[in-house]
Amino acid sequence: MADGKKGGFREAMARGEVESFLRGDGSYRKFPQSDFAGEDAPTDTWKALQEIYDAAKETDGVENALSEGMSALLSGTAADVYLAVLYLTRLSLAKQGGRLPLHVPLHELLLSAREAVEKHRDALPGELTFPNGFVKKAALADIERWNEVVFLPCCGVDLLQPNK
Amino acid sequence: MAKTAKMSELPGKANRLKQWLSAAGVWFLFTVVLLLSAGNPAFAEKASAENAAGDGKALSCEWKWMGKAPLTADQIQAILAIPKGERPDPATYLDKKYMKRHLSQFCDGVSFVMGLDNYVMYVLARKSIGREDNSCFVMPKSVCDEIAKAGKGKISVYEQALGFEPGYFQGHGGLVRIDVIDVADLHIRIPSGNEAGANSWWVPGGYTSGGVPEAVSDLIPKARIIVTRLQEE
């Protein structure tokens, strides 16, 4: 059972460490399976979400735990906010493709993300360091791109316009 | 997987090279070279120039499949023990002929594959493909062609051949293959392990941990890519 092992989502949920799991802290960090298809992030967010989807099949409370974890990230540092937006991008694409197997309050989370991006607008273009040592540069450029190709056309939310 | 078996076989020359590199005296030299490369910028600069198949010049296509890198387990461990960012240029521990032959596999074009979601997130609305440190991991186009031919369009064959878990690409909404034919000026080189995309699975020598030949290119202009989407089976 992939998420029952050390560093898995169920362990994180049992310990109240969903935020750390999402962030890829310590043993929670996931690595891309291939040099050719990895993403530039502190943890492989696709793998993390797969563990969460798998856990939701057999465990109650996963949707709430994910929503709370996402909200916690959106209330965190600029690095946390960047990662939360990355997760929201994946969740939005999965929903659009009919591949999202659980209910997450995406619209509410996107509205929170819009506020969080505005709050950290000055820090996001710079260098963001995550607790596991990963360094992300020019995070705002990613957010701008995802806003253009995912959030605006699919979700009707403009992450870069706080008043819309 | 015929290709995997073929790649794992060392040609006679490579076997002899491996034995040669395994000799105790050479191991001592290798250690000295590592120390020199770490502390001598001039040496590192020279090595960097040697680890290049492009630099605006035409690639040499005289060599084909080489097999896995001629490095001993001890050599691999020694390199992996060096922190990312400080690892030596491959030219300091790989034979020039091996490097030339390895890189020649990429002269007819390079390829890589990604999930559809990742394509949307990391390729659309960008002018170039790759990471912020001017690197992009690629495989020879011939390898991707062979997988495509063997799989007859089945995504699962790509997953099996490239070491992804079953269902990986389906979970991303499909598979997108990217080919680049004109690579002469992309500075195709053997990865040093210092690249932003080099993760904990990286091994030195120019092959993935699953035995697929790999190299690193500079950022690839988007206008130069050929995109093929494979639909779900």
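**Packing in a predicted two-chain model**

User: Which residues of α4(A) and α5(A) meet?

Analyst: From α4(A) come A:M70, A:L73 and A:L74, and from α5(A) come A:D80, A:V81, A:A84, A:Y87 and A:L88. By class, seven are nonpolar, none is polar and one is charged.

User: What makes α4(A) and α6(A) roughly parallel?

Analyst: Helix α4 (residues 62-74) and helix α6 (residues 106-119) of chain A pack at about 15°, with axes 10 Å apart. Angles under 35 degrees count as roughly parallel, so α4(A) and α6(A) are given that name. Their crossing is left-handed.

User: Which residues make the contact of α4(A) with α6(A)?

Analyst: A:S67, A:M70, A:S71 and A:L74 of α4(A) are in contact with A:L109, A:S112, A:A113 and A:A116 of α6(A). Five of these residues are nonpolar, three are polar and none is charged.

User: How do you know that α5(A) is roughly parallel to α7(A)?

Analyst: Helix α5 (residues 78-96) and helix α7 (residues 139-155) of chain A cross at roughly 30°, their axes coming within 10 Å. That angle is under 35 degrees, so α5(A) and α7(A) are roughly parallel. The crossing here is left-handed. Residues of α5(A) in the contact include A:Y82, A:L86 and A:L93, while α7(A) contributes A:D142, A:W146 and A:F151 among others. The class counts are 12 nonpolar, three polar and one charged.

User: What makes β5 and β7 the edge strands of the sheet in chain B?

Analyst: The sheet is open and has five strands in the order β5-β3-β1-β4-β7, paired antiparallel. Strands β5 (215-217) and β7 (225-230) each pair on one side only. On average, neighbouring strands are turned by 40° against each other, direction ignored.

User: How do you know that β4 and β7 of chain B pair?

Analyst: Pairing needs at least two bridges. Strand β4 (residues 175-180) and β7(B) have six bridges, in the antiparallel sense, so they meet the cut-off. B:L175 stands opposite B:L230 in β7(B).

User: Which strands does helix α8 of chain B touch?

Analyst: Helix α8 (residues 141-151) packs on the sheet and touches β1 (110-115), β3 (136-140) and β4 of chain B. The direction of α8 makes about 60° with that of β3(B).

User: How many residues of each chain take part in the contact between chain B and chain A?

Analyst: Chain B gives 33 residues and chain A gives 24. About 2700 Å² is buried between the chains, 52% of it from carbon and sulfur atoms.

User: Which residues of chain B lose the most area to chain A?

Analyst: They are B:M121, B:Y122 and B:E132, which together account for 24% of what the chain B side buries.

Notes. Residues numbered from 1 in each chain as written. Chains lettered and ligands numbered in written order. Predicted model: local features only at pLDDT ≥ 70, side-chain atom pairs only at ≥ 80, totals over all residues. Heavy atoms only, no water. Axes fitted to C-alpha atoms, helices over the stretch in contact; angles between N-to-C directions. Helix = DSSP H or I, 4+ residues; strand = E, 2+ residues; numbered from the N terminus. Parallel < 35°, antiparallel > 145°, perpendicular 65-115°, else oblique. Left-handed = near helix turned anticlockwise from the far one by under 90°. Contact = heavy atoms within 4.5 Å. Nonpolar A, V, L, I, M, F, W, Y, C, P; charged D, E, K, R; others polar. Buried area = accessible area lost by both parts, 1.4 Å probe.
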